[in-house]
Amino acid sequence: MPNHDDSLSTDAGSESSNPGSPRARVPSPSMEKLERLVRSASLRRSFGGRGRWSISSPGWRRSSVTPRVTTFPCPGCQHDIDLGERGISMLFRNFTLESIVERYRQAARAAVAIMCNVCKPPVQEATKSCMDCKASFCNECFKMNHPWGTPKAQHEYVGPTTNFRPKVLMCPEHEMEKVNMYCEVCRRPVCHLCKLGGSHANHRVTSMSSAYKILKEKLSKSIHYLISKEDQVRTQISELDVLIHHTEENGQLAERRANEHFEHLFETLQERKTEMLRSIQQSRNLRVERLRTQVEEYQGMLENSGLVGYAQEVLKETDQSCFVQTAKLLHVRIQKATESLKTFQPAATPSFEEFVLDTSKEEILLKELSFSGVPEPPVIDLSRCCVYNEGLIHWRLSEDSLPTDHHIVEFRKLGAEEDEEEEPCWSATERVYGCSTVVSDLSSDSRYAFRVKSCRNGVFSPCSPEVTFHTPPAPVFGFLFNEKCGFSAERLQLSQRRDSVESVAGMSFLLAAERVQTGSYICLDYIIGDTGISHGRHYWAFRVQPNSYMVKVGVASDSKLTEWFHNPRDTSSPRYDHDSGHDSGSEDTCFEVSQPFTLVTVGMGRLFIPKASVSAAGDHSSRVLPMPQRIGVCLDYDAGRVFFYDADTMRLLYERQVDCSGTMYPAFGLLGGGAVHLEEFITAKRLSYL
């Protein structure tokens, strides 16, 4: 809609105006204002990106070819509105707005009179246009063609116009039906077919006349209320004008004061710069002078110059008394020169290490320089952050921090080689009004830096210290523990959400141990994920409880799981288990052979690397590593390899070949006391923390 400067009186050009010449009815507005109004009324808009479209004519037909648009940004709230499959054709024509636009068009055409379509020469200027006859008439011709007492007297007439579009609102779903009811649920006009079997069949509807009466009454009351509050509105406008004036003055004053403070800082910095540079210059001059004096002394030791030349001339003296008188002092000087030559020591050092200036603290202080009303920078809470394909970033504010309006999270992808001279390019999220947010569309196997800053009254705090996270090497694989396959309810306790499992060493465990005659070996209790993998690369992460006795984690094929779960077991034999180390099926002895499973052992705060394995982290002197707080597993089904990571740092701990001939499942085996907790991102399949 046009702004206030472009607004024109809606009374001008109304049907109740003077029936004289159109030139005398309304003042002619400028063509520029009218063009802006027409463009706004005819919905001529262009949107960037995917929603780009335009309608160039206010009288466009439904059958005309128009671009298919399914979303439309609401002019009021700026949110995208779904238009449905039919797109723009589902929208009603705004005849009321078209009438308003037509009145202003008439004002623009006032300088060019519309002539009567019925008059015989000489043709008179038209004063009315009949919407039913679709013709314009002068006063006399209108009376002749619309006599009183005839049906034509009931025709609708308006001011002179050339636009005779029928003012009939048709149903957008049933194009041949007029709207005659109002849906109270959808709050829009509908036709009888919509109510009978259309999309409004079960909706509450009312007659158009009733809706017209109710809505007109509400609108009239609202307008009357606004008119009655005109004095209050004017008072509030005056108050706002005063606030604008004070804001401008106070802003200029604050700007001047800040500029004065910075000028004072510049002066202080310039004074210190002058003093410190003067100190360096004085020290340099003094050292150079001492070294040059020393150079002159040493040059005197050279033959035919200085001290040596003088001594050579003295040696030529034949008078003994004169020679002794001169040679005594000369010998002392020669001895000093000789000692100086033997113990050579520069008169001054060329190093200026004591003049090295460390401004790192001052730079930090200057970067943190802010106004007194700016809150303290937030601190990212690493213990609550998780970064996968999407990153959940949590932060906290200091207890004495000022209230904040919102926060902004900035992040950037860290490359292998970064140009230190170039300013890093940061991406920013929308405004965040809590203390956490989700950053989407992160690249796999990449390092990202994150920082947060707070805003109060339009002024931002310094950024929080940067933190770095490494995204997983593959998309996240979401699953829960399977309660129907391999799950032992006697020895394993599964959480209600099926995202945690705990091994309980109960009575059944002790009874099984009592039957063992030659050892204390007890079988593992296995549990797997409820979703399998048949192609692609996938990543998941979990936490093993630090005090767990023994937990095996990894992957296994459906055929191997069937063997483990359904074959008879002899728990008294240490040769029972597939990777106990006592039979030919152990992982250590068959490392080079591709097996349909791979498991690593975690327990007692340690992670045990299998024998004969090669870790990408380097040549470990010990197979025992500290247990990571979070363990990540990546299965490359197509390549037939499985990788184990420290999920916090994404450091590769162990990898090996695996036979992916069937469907592979995340597998977990527990013995004794212990627990495994899946990451919340893994169980939710999509972040839903906020």
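Since the model is predicted, local features need pLDDT of at least 70 and side-chain atom pairs count only at pLDDT 80 or more, while totals for chains, interfaces and linings use all residues. Residues are numbered from 1 along each chain as its sequence is written, and side-chain values use heavy atoms, with hydrogens and water left out.

A quick word on terms: helices (H or I, at least four residues) and strands (E, at least two) are DSSP runs, numbered from the N terminus. Two strands pair if DSSP finds at least two bridges between them. Strands of a sheet pair through backbone hydrogen bonds, either parallel or antiparallel.

Let's start with S12, which covers residues 406-414. Eight of its nine residues are buried, so S12 is largely enclosed by the rest of the structure. Buried here means under 20% relative accessible area, exposed means over 50%, and partly exposed is in between (1.4 Å probe, protein chains only). S12 runs antiparallel to S15 (residues 447-456), and nine bridges join the two. Among the facing residues, Val409 has Val452 in S15 as its bridge partner, and Phe411 stands opposite Phe450 in S15. S12 also pairs with S13 (residues 427-428), again in the antiparallel sense, over two bridges. There, Glu410 stands opposite Ala428 in S13.

Eight of its 10 residues are buried, so S15 is largely enclosed by the rest of the structure. Four bridges join S15 to S17 (residues 467-470), with the two strands antiparallel, and Tyr448 stands opposite Phe469 in S17. Another two bridges join S15 to S16 (residues 459-460), also antiparallel, where Cys455 has Phe460 as its bridge partner. S15 and S16 form a hairpin with two residues between them.

**A three-stranded sheet**

Elsewhere there's an open sheet of three strands in the order S4-S3-S5, with antiparallel pairing. S4 and S5 are the edge strands, each pairing on one side only. S3 and S5 are held by two bridges in the antiparallel sense, and Ser129 has Val158 in S5 as its bridge partner.

Most residues other than glycine have a negative phi, and most peptide bonds are trans.

| Residue | Phi |
|---|---|
| Lys134 | near 55° |
| Asp445 | about 50° |
| Asn457 | about 55° |

Lys134 lies in the loop between S3 and S4 (135-137). Asp445 sits in the loop between S14 (436-439) and S15; with a relative accessible area of 49%, Asp445 is partly exposed. Asn457 belongs to the turn of the S15-S16 hairpin.

As for the peptide bonds, the one from Pro121 to Pro122 is cis, with omega near 0°. Pro122 is in the loop between helix H3 (95-108) and S3 (128-130).

**Surface patches**

Patches are made of residues with over 30% relative accessible area and no salt bridge; like charges are joined within 9 Å, and nonpolar side chains (Val, Leu, Ile, Met, Phe, Trp, Tyr) within 5 Å. A salt bridge is a side-chain nitrogen of Lys or Arg within 4 Å of a carboxyl oxygen of Asp or Glu. Areas come from the Shrake-Rupley method with a 1.4 Å probe, and for residues only the protein chains shown count as cover.

The nonpolar patch has an area of about 500 Å² and is made by Phe262, Leu265, Phe266, Leu366 and Leu369. Helix H7 (residues 230-299) supplies the largest share, three residues. Leu265 is in H7 and is partly exposed at 40% relative accessibility.

A patch of negative charge gathers Glu368, Glu376, Glu399 and Asp400 on the surface. Lys and Arg count as positive and Asp and Glu as negative, with His and the chain ends not counted; each charge is placed at NZ of Lys, CZ of Arg, CG of Asp or CD of Glu. Glu368 lies in the loop between H10 (360-367) and S9 (379-380) and is partly exposed, with a relative accessible area of 45%.

**A cysteine pair**

Finally, Cys171 and Cys191 are 20 residues apart in sequence and 6.1 Å apart in space, C-alpha to C-alpha. Cys171 is found in the loop between S5 (157-158) and S6 (181-183) and is buried, at 2% relative accessible area.
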